[in-house]
Amino acid sequence: MRHIYSQLGDAYRVWAPGRDSHTWVFNHPDDVRRILITNWRNYTKGVGFDRIKMLLGNGIIVSEGEFWKRQRRMLQPTFHRRILARFDRVIAQANARLLERWESACDRGEPVNVTNDMSTMTLEVILRAIFGDDVDAMTAGGSNPFAVLTDESARDLRFAYEVRKLTTLLGKVIAARRAASSTSATPPTDDENPNYLSMLLSARDKDSGEMMTDREILDEVMTLIIAGHETTANALNWTWYLLGEHPQVEARLHAEIDAMPEELVASLQSMETLRYAYNVLREALRLYPPVWVISRRTIAPDTLAGYTVPADTDVFFSPWFVHRHPQFWSEPERFMPERFDDGDNRPKLAYVPFSAGPHHCIGETLSFFEMLVHLNRFARRFRLRRVDTRPVQLEAAINLRATEPFIMRLERRQAR
Ligand code: HEM
């Protein structure tokens with residue numbers, strides 16, 4: 001795609017022999033706006049989602065039409081800031097556990113596998129956010145059924161098969177919760193300790209009054225695990241890599257974090273005051289958007305960049321290229337978090353790590369909360385430097401990853 005982009009620019013089509021058709025690619029914010037916002041009803045999710053369907057059944061990421069609309073309506077309130085703010089303890093605990101491991105690795109002078117550790121920490125957060133304390137029962141006896149999500153790096157059919165096996169376990173957990181909630185005399189105390197499973201079990205569509213079936217809940221739970229885990233883990237992984245390569249950015253981040261007293265359980269509100277840290281994360285997501293390509297399929301013909309795209313045609317855009325568009329980003333290859341301070345007068349759709357429009361990522365605020373807590377806790381204590389300084393090779397699979405994990409040395413900034 002880099003090669004074609006350099007030759008043809010931000011609108012082109014390529015022949016996809018496997019599908020015996022053209023795929024059209026548009027990387028200009030105006031076309032992205034038309035696909036995602038102004039003419040979004042003319043698009044279904046497209047070919048990129050076929051593989052994801054195997055993992056997620058008919059969850060909200062892959063579903064379409066009226067069913068998607070209903071599911072989105074039911075899920076949206078569960079991502080309200082008021083609810084996300086109450087995941088503060090879950091996020092703090094997952095980070096505290098990781099911190100303990102990094103402190104002792106640092107004492108022993110051992111490097112850490114940042115890629116694996118980000119994956120483990122973000123998985124713990126999302127599992128606890130979904131299942132609450134049921135996670136303890138699911139992982140009791142030393143076997144962790146979710147380990148495939150952190151230990152298996154290939155994203156092939158075997159991975160899909162292993163992940164799909166989790167549905168048997170999750171099906172049982174959902175059924176047990178349903179039974180417990182229907183026999184329990186006291187209502188669940190969700191207010192103190194929210195979890196997605198309880199929220200989904202009691203969610204009602206405000207239009208029809210319907211509730212979700214166990215099967216629908218299962219698909220949404222799988223969706224939240226897959227959508228919420230690897231994306232956030234990758235974003236943090238790339239952030240640590242970039243900070244290690246840019247000591248001046250790192251120093252500004254340290255200055256901001258050091259100026260704020262540390263809270264053991266950091267609140268959403270206080271994390272949102274870390275403006276430079278937020279810009280560091282946004283800039284990492286600009287350069288290495290975990291969702292690097294987004295696919296759609298036309299229903300009726302559409303006009304994009306002056307071309308008529310036929311009906312039933314695959315259309316892609318790539319946040320990777322949109323985020324490097326030379327018309328909207330100066331020195332696009334440079335890691336420069338300050339660029340978001342410049343009044344940000346570029347078109348909104350020049351920055352789409354979380355997509356935009358009605359299918360906009362539902363988990364954006366949750367992921368920033370999680371990432372800010374993590375940076376605040378760990379950048380306060382450590383500098384991270386890669387052990388292997390060879391150039392990084394990209395792997396553009398479902399998510400954008402590096403081919404090798406980041407193994408990094410910890411340098412202590414602060415006495416314990
Ligand atoms: C840095 C972290 C994340 C990134 C970069 C990211 C990115 C994205 C993108 C690009 C989409 C749109 C896909 C499309 O339009 O085809 C999306 C959708 C979605 N994301 Fe995220 N995401 C992140 C974190 C999360 C988290 C933490 C959750 C939930 C716990 C989540 C749940 C979802 C869901 C449910 C959708 C589907 C929305 C819909 O179609 O209505 N994401 N995400």
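Predicted model: local features only at pLDDT ≥ 70, side-chain atom pairs only at ≥ 80, totals over all residues.

**A covered helix.** Helix α7 spans residues 114-131, and its 18 residues reach 25 Å from the first C-alpha to the last, close to the expected 26 Å. Most of α7 is covered, with 15 of its 18 residues buried. After α7 comes Gly132, with a positive phi near 60 degrees.

**The iron site.** The iron atom of the ligand has Cys361 (SG) as its only protein donor, at 2.3 Å. You will find Cys361 in the loop between α16 and α17.

**Aromatic rings.** The whole structure holds 21 aromatic pairs. Two of them are set out here.

| Pair | Centre to centre | Angle between planes | Type |
|---|---|---|---|
| Trp102 and Phe382 | 6.2 Å | 65 degrees | edge-to-face |
| Phe340 and Tyr351 | 5.3 Å | 65 degrees | edge-to-face |

Trp102 belongs to helix α6 and Phe382 to strand β9, 280 residues apart; both residues are buried. Phe340 and Tyr351 both sit in the loop between α16 and α17, 11 residues apart. Phe340 counts as buried because its relative accessible area is 7%, and Tyr351 is likewise buried, at 16%.

Ring pairs also join Trp238, Tyr241, Tyr288, Trp320 and Phe406 into a cluster. Over the ring of Trp320 sits the charged end of Arg324, 3.5 Å from the ring centre. Arg346 places its charged end over the ring of Phe340, 6.0 Å from the centre.

Methods:
Residues numbered from 1 in each chain as written. Heavy atoms only, no water. Helix = DSSP H or I, 4+ residues; strand = E, 2+ residues; numbered from the N terminus. Expected span 1.5 Å × (residues − 1). Buried < 20%, exposed > 50% of the residue type's maximum accessible area, 1.4 Å probe, protein only. Donors = N, O, S within 2.8 Å, 3.2 Å for Na, K, Ca; no water. Phe/Tyr/Trp six-rings, centres within 6.5 Å; stacked < 30°, edge-to-face > 60°. Lys NZ or Arg CZ within 6 Å of the ring centre and 35° of its normal.
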